[in-house]
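Here is a short briefing on salt bridges and one surface patch. Look over the structure first, then read on.

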Amino acid sequence: MRLLTKTTLYFLSAMTMLLLLAGFYLFNQFSKELNNRSDKELLQEEAAWIQYLQTEIAAGVTFILRTPDISIYPVDIPPNNYATITDVKSNLAAVPYRQLSQVVSIYGISYQVIIKKSQEQKAALIANTTKIILLVFAGLFIATILFNWIISKKLWKPFYRSLHTIRGTDLQRIQETHFEKTYTKEFNELNAALNAMAEKIYNDFINMKEFTENAAHEMQTPLSVAQSKLELLLQNENLSQEDIRLILEATTSLTRLSKLNQGLLLLARIENYQYKTTTALSLNAVTKKYLGLLAELINDKQLTVTTNFEDEFVMPLHPLLADSLVSNLLGNAVKYNYTGGRIEITITANSYCISNTSLYEAIPQEKLFRRFMTQGNTDASSNGLGLAIVKKIADTHNLLIHYRTANGVVYFDLKKKPVTS
């Protein structure tokens with residue numbers, strides 16, 4: 001859930017509770033105010049009737065009045081100092097009455113005074129007022145949510161700009177990455193930390209790049225010297241068969257170590273984006289070239305190669321990486337094939353597929369592109385970096401690679417990632 005949505009939902013929950021409490025409070029206060037007004041009217045009406053009774057009784061009239069709303073009649077009950085006002089329900093009306101009841105003394109005679117006032121107007125007024133309040137609250141609620149969403153979205157704009165900058169950051173141009181200042185202290189602190197981190201990453205990248213370049217020179221040179229010395233030593237005619245065997249084993253180990261060094265350095269350079277791409281090239285031409293270079297091995301194994309070049313698979317890729325990509329895939333198709341097997345290469349504008357027959361078991365997906373993973377009993381020259389290099393080239397050049405097996409055939413599919421706007 002997005003942060004803006006989450007804060008809006010929290011605010012919505014709080015606003016709902018506050019509006020409900022406010023509505024309940026306003027309803028109660030409004031009802032009390034209406035009751036107070038009704039009670040004052042009843043008291044005023046009682047005072048008027050008492051004044052009228054005093055006039056009539058002073059003239060010698062015995063006063064008795066009984067109507068649905070007013071009852072005044074003499075009683076043998078002591079008078080009350082205060083009137084009692086209560087709500088009384090009637091069987092004839094759905095709306096209750098507000099009733100005043102008091103025994104008053106007029107010229108020594110006790111009179112029961114009962115005055116009823118219908119609450120129908122109050123109920124109608126409360127209903128209409130409640131509707132108005134609900135409409136006002138609903139409007140305020142919607143307006144508050146809308147304004148909160150607009151304001152929050154505006155306040156969070158610097159964060160989303162920084163996020164967009166992070167997503168578009170390229171290690172090759174990370175030194176150009178800069179996170180702007182804002183009017184919010186917290187975002188300024190975040191952007192300052194991101195600027196410092198970007199600078200540190202760039203410095204680490206430069207240091208790593210220099211290390212790989214120096215390592216390539218410093219490690220490869222002594223390996224080449226050792227190999228050349230062993231080759232010279234092999235030319236000595238006084239060597240015994242045991243000496244020759246030991247020297248050959250040492251030469252083989254040095255050759256494997258040299259290839260391992262070159263593979264690891266290649267992986268490091270790919271990870272550090274040290275191969276700049278200037279032009280697009282076609283993997284069709286690279287494939288044809290390596291089919292020619294591997295023709296002798298293909299003939300030795302009596303492999304049948306079928307090519308289906310429907311279109312040119314063109315993409316921006318450094319020539320060295322294109323050679324490494326194709327040579328590893330095609331080399332594996334030859335190496336892990338059996339005598340008399342098949343190799344099929346299908347190329348379209350957006351896909352590159354190499355399939356080969358094989359007697360080896362399928363490679364588990366979790367081990368497929370690991371470094372130093374070899375399949376079956378391979379020769380000593382294999383260093384287990386081929387597929388790791390292929391995967392790294394694919395990941396750094398917007399390519400998707402899929403591996404599958406079916407009916408004794410191994411498939412490696414390279415596809416271009418769809419361009420998203």
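E33 and R37 sit four residues apart in helix α1 (residues 3–58), so about one helical turn separates them. Their side chains meet in a salt bridge, 3.7 Å from N to O. The model is a predicted one. Across the whole structure, a search finds ten salt bridges.

**The pair in helix α1**
- E33 is partly exposed, at a relative accessible area of 41%.
- R37 counts as exposed, because its relative accessible area of 53% is over 50%.

**A link between helix and strand**
- D39 and R98 join their side chains in a salt bridge of 2.8 Å, N to O.
- D39 belongs to helix α1 and R98 to strand β4 (residues 97–106), so this pair ties together parts 59 residues apart in sequence.
- D39 is buried, with a relative accessible area of 14%.
- R98 is buried as well, with a value of 11%.
- A network of salt bridges links D39, D87 and R98.

- R404 and D413 form a salt bridge, and their closest N and O atoms are 3.5 Å apart.
- D413 is buried, at 11% relative accessible area.
- R404 is partly exposed, at 42%.

**A nonpolar surface patch**
- Which residues form a nonpolar patch on the surface? They are L146, F147, W149, I150, I151 and L155.
- Together these residues have about 610 Å² of accessible area.
- F147 lies in helix α2 (residues 120–155).
- F147 counts as exposed, because its relative accessibility is 52%.

How values were computed
Residues are numbered from 1 along each chain as its sequence is written. This is a predicted model: local features need pLDDT of at least 70, side-chain atom pairs count only at pLDDT 80 or more; totals for chains, interfaces and linings use all residues. Side-chain values use heavy atoms; hydrogens and water are left out. Patches are made of residues with over 30% relative accessible area and no salt bridge: like charges are joined within 9 Å, nonpolar side chains (Val, Leu, Ile, Met, Phe, Trp, Tyr) within 5 Å. Accessible areas come from the Shrake-Rupley method with a 1.4 Å probe; for residues, only the protein chains shown count as cover. A salt bridge is a side-chain nitrogen of Lys or Arg within 4 Å of a carboxyl oxygen of Asp or Glu. Helices (H or I, at least four residues) and strands (E, at least two) are DSSP runs, numbered from the N terminus. Buried means under 20% relative accessible area, exposed over 50%, partly exposed in between (1.4 Å probe, protein chains only).
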